[in-house]
Amino acid sequence: MGASIIRNFPSWSIMLCLFSGIVSSVLKKRGARLVNTILLLSVSVMSGALLIFTWNSGVAYTYQMGNFPAPWGNELRFTCLEAAIALFFCIIMFLSLFGGNEHLNAEVEGRKHNLYYVLTDLLLASLLALLYTNDMFTAYVFVEINTIAACGLIMVRQVGRTIEAAVRYMIMSLLGSGLLLMGICMLYDMTGQLLMTQMHDSVVQIMATGDYHVPMTVAVCIITVGLAIKSALFPFHAWLPDAYGYSTVGSSAMLSSLVSKGYIFLLIKIIYRVIGFEAYHDTKIIHVLFIFGLCGMIFGSVSAIKENDIRRMIAFSSVAQIGYIYMGFGLGTFAGMSASIFHIFSHAASKSLLFIAAIGLTDVSGGSRKFSDLTGAGYRHKIAGVAFTVGSLSMVGIPLFPGFISKILFAQASIQNHGKMLPALIVLAISTILNAIYFLKTVIRLYTPVENSEYTVARAKEHKGYTLALILFIIINLAIGTCSEYLVNVINGGLLNEIAEGGKSLLNLLQTTLPA
Amino acid sequence: MKANKNYEKTTAFKFFRWMKGTKDPYVGEVEMKPQPHHEVPEETIQERMKEKSELLDAVYDVKTNKKVKAFTRIYRTIAIIFCLILTASLVAVVSFLPKTGDPTTPANSSEVAERYNSSALEETGAVNTVTGMILTYRAFDTFGETNVLFIATICVMISLMLEEKVAEREEERRLARHPEHKDPILQLAAKFLVPIIVVFGIYIILNGQNSPGGGFSGGAILGAGLILYANAFGIKDTGRFFNEKVYAVCKVTALCMYGLIGLYYYTCGANGINNHIPFGIPGAILSGGIILPIDICVGIEVACTMYAFYALFKRGSL
């Protein structure tokens with residue numbers, strides 16, 4: 001009985017998010033915040049229960065949305081991986097909102113506070129739907145909700161630069177959505193199916209007969225490019241620094257750690273469930289992803305080094321980290337994919353921590369984001385200084401922190417691919433050094449003593465919520481860094497489920513890549 | 001209890017002292033030199049500012065700066081060429097796709113299309129297969145789509161909604177500049193047309209399961225009727241029966257109803273519980289199971305969205 005109730009949780013958590021968003025639109029600020037908190041806690045509990053349930057059973061479940069079974073009606077599909085990501089997203093969103101709350105009060109007009117919570121509720125709904133859905137068109141609908149919610153989160157702080165950033169984000173993001181929609185239409189035209197599993201069967205048939213070779217390749221390419229634009233892969237990252245750098249801090253943390261990751265996870269699902277990993281590998285687009293990933297790792301870091309604004313620097317660092325994730329895709333091995341998914345976790349945890357910590361540091365420097373004013377800020381705001389250091393060490397890849405584990409996993413994965421091993425390892429090393437240059441430079445500056453500073457010192461007692469959020473963030477980072485084995489097991493378990501059902505042909509590939 | 005001197009040697013004491021910031025950890029421990037303070041002469045600052053402004057002038061002087069001109073021209077040409085190539089290649093790809101309208105194409109002959117065509121009436125109770133398809137077979141998508149409209153209004157509200165007092169002041173200022181001129185022709189036409197449009201909209205919503213139409217199109221017609229009324233008689237007059245409170249109540253009730261029906265439908269369907277909403281006689285207004293109530297909810301939501309967009313763009317509040 002319990003098990004059959006738990007299987008309803010994905011559907012219920014999506015619906016609960018949508019309901020909370022709808023109700024919050026007529027509530028006052030406090031009510032909306034309360035609804036949001038209850039929502040995040042209850043979805044976390046549901047996702048946690050789902051994680052335990054799916055982990056113990058170790059298989060994938062499908063959930064029929066409505067009276068009609070798979071090829072005719074909508075469907076959700078989930079394994080332990082989806083549940084783990086959902087739980088993690090809820091926690092990160094909760095802490096980001098918690099840590100950014102003080103600034104939210106100052107930066108958003110009074111009447112629009114509840115609308116902010118409507119946006120976050122719907123953002124969570126769309127992220128969960130992107131994680132759980134097994135239907136291409138449902139995925140597209142929720143991509144739309146995700147895009148509009150992200151735009152709103154950027155421009156909810158109504159100053160010139162955020163509005164400009166939101167317009168830029170919207171244009172680029174709509175281009176991405178358009179390409180994704182065109183790709184889905186082409187796939188539908190060739191297969192006559194919209195559900196991922198059924199579409200995969202048709203795609204395998206089409207690939208075997210060799211019909212529609214051109215449109216199939218193009219569809220795969222434009223879906224990939226569309227989602228890459230939306231998740232800010234290197235040449236398409238122009239919208240990112242302004243969007244992350246000027247929006248209110250809770251939004252920055254959520255955008256960098258959750259929104260782009262939702263699209264990346266959708267791409268992973270399309271690769272595994274619709275196209276098939278091997279077929280995707282054969283389209284050569286994987287090499288393009290690999291090269292752009294490598295470029296992103298270098299150029300993102302170079303731009304970050306040049307930046308004189310701490311929040312824009314962190315934003316540019318995201319470009320580099322997204323580059324890592326796509327580089328893992330480009331390796332074309334199971335281990336590479338698993339490393340990419342691990343990096344989704346580690347980057348989300350560290351980057352949101354960095355954004356939240358940076359705002360505390362700029363607050364004790366007269367609101368300035370310039371490095372010359374930030375000198376010694378680590379002494380003026382102790383906990384924010386420590387938190388920023390933790391985030392930086394994780395990004396650079398120091399042991400005990402999540403960034404180290406993802407770099408190790410990437411290096412291990414690249415060794416298994418003979419052609420790409422050398423460039424991947426070399427760029428990984430260069431990128432680590434570049435990361436160290438700008439992050440450690442910042443940390444050293446934060447802890448450079450200044451005489452007779454004119455800025456005030458922040459006390460933890462005055463910022464209780466903020467301090468608590470930072471401490472919890474640090475704990476999460478350390479937990480991912482030290483107990484990575486469990487997380488890697490969950491990721492591999494989830495991916496294996498995809499492979500075992502997504503095409504038996506992959507088992508050979510698996511045996512060559514996974515140690516017995 | 002440790003004596004104070006002993007306590008001062010412990011790590012805990014040092015940690016709390018560091019937290020409080022009473023003692024700088026470097027003072028007396030590390031030899032340190034503060035960064036030398038170097039004075040920038042006033043002249044240099046002036047010169048730098050002048051250089052900066054000159055640079056900006058040169059960069060943004062589009063009319064005479066030849067480099068900027070050339071760059072803009074090259075940029076635009078490349079962009080146009082790129083777009084043309086992209087368009088051409090996408091059109092070329094379409095020619096490889098199955099022919100539109102051919103009954104043997106995968107999209108037209110797959111099991112999905114066949115089932116929708118052959119048994120939609122008996123399975124959903126809707127004569128109009130399209131409505132039956134989007135509101136029962138793919139109910140989840142359509143709920144998502146309705147939420148897209150909802151979140152779009154929220155975003156427009158964030159960027160356009162003014163505080164109540166500001167909105168009133170703006171309105172007064174606008175009226176002072178252009179006194180509102182009520183057009184008798186428009187008002188007379190609206191008096192005749194609005195009731196007909198509203199009835200037509202309601203008809204389309206209620207007959208969604210039987211004839212082309214449904215919540216989305218009917219709601220758009222209702223919204224158009226409201227906008228026509230507001231245009232003829234002013235938003236203030238419309239506010240007598242459709243103000244922010246009515247709007248909020250309508251929108252939230254409609255969306256929540258839709259959500260509840262959806263939740264009931266998904267949960268029942270997935271857990272194998274029988275669906276107790278009767279289909280009725282096909283072709284009658286009260287038929288189609290969950291389709292009719294969902295159509296009404298969607299219609300209200302779409303009408304509200306249309307009118308809210310109009311009012312927000314026109315006046316900055318509802």
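Student: Which residue follows helix 7 of chain A with a positive phi?

Tutor: Helices here are DSSP runs of H or I with at least four residues, numbered from the N terminus, while strands are runs of E with at least two. Helix 7 of chain A covers residues 160-191. The residue that follows helix 7 of chain A has a phi near 75°, and this residue is Gly192(A).

Student: Before we go on, how should I read the numbering and the model itself?

Tutor: Residues are numbered from 1 along each chain as its sequence is written, and chains are lettered from A and ligands numbered from 1 in the order in which they are written. This is a predicted model, in which local features need pLDDT of at least 70, side-chain atom pairs count only at pLDDT 80 or more, and totals for chains, interfaces and linings use all residues.

Student: What span is expected for helix 7 of chain A?

Tutor: The expected span of a helix is 1.5 Å times one less than its number of residues. Helix 7 of chain A has 32 residues, and from its first C-alpha to its last it reaches 46 Å, close to the expected 46 Å.

Student: Is Asp242(A) buried or exposed?

Tutor: A residue is buried if 20 or more other C-beta atoms, placed from the backbone, lie within 10 Å of its own, exposed if 12 or fewer do, and partly exposed in between. Asp242(A), which has its place in helix 10 of chain A, has 20 other C-beta atoms within 10 Å, and therefore Asp242(A) is buried.

Student: Which residues does Asp242(A) contact, leaving aside its neighbours within four places in sequence?

Tutor: Two residues are in contact if their C-beta atoms, placed from the backbone, lie within 7 Å. With those sequence neighbours left aside, the contacts of Asp242(A) are Arg161(A), Glu164(A), Ala165(A) and Arg168(A).

Student: How many residues of helix 9 of chain A are buried?

Tutor: Helix 9 of chain A has 18 residues and reaches 26 Å from its first C-alpha to its last, close to the 26 Å expected. This helix 9 of chain A is largely enclosed by the rest of the structure, because the number of its 18 residues that are buried is 14.

Student: Is helix 11 of chain A roughly parallel or antiparallel to helix 15 of chain A?

Tutor: Axes are lines fitted to C-alpha atoms, for helices over the stretch in contact, and angles run from 0 to 180 degrees between N-to-C directions. Angles under 35 degrees count as roughly parallel, over 145 as roughly antiparallel, 65 to 115 as roughly perpendicular and the rest as oblique. Helix 11 (residues 249-275) and helix 15 (residues 334-363) of chain A pack at about 170°, with their axes 7 Å apart. That makes helix 11 of chain A, relative to helix 15 of chain A, roughly antiparallel.

Student: How many charged residues are in the contact of helix 11 of chain A with helix 15 of chain A?

Tutor: Ala, Val, Leu, Ile, Met, Phe, Trp, Tyr, Cys and Pro count as nonpolar, Asp, Glu, Lys and Arg as charged, and the others, Gly among them, as polar. The residues making this contact include Lys261(A) of helix 11 of chain A and Lys351(A) of helix 15 of chain A. By class, the contact of these two helices has 11 nonpolar residues, four polar residues and, as charged residues, two.

Student: Which helix gives the largest share of the side of chain B that touches chain A?

Tutor: The contact takes 52 residues from chain B and 55 residues from chain A. Among the elements that give two or more residues to the chain B side are helix 5, helix 6 and helix 12 of chain B. The largest share, 15 residues, comes from helix 8 of chain B.
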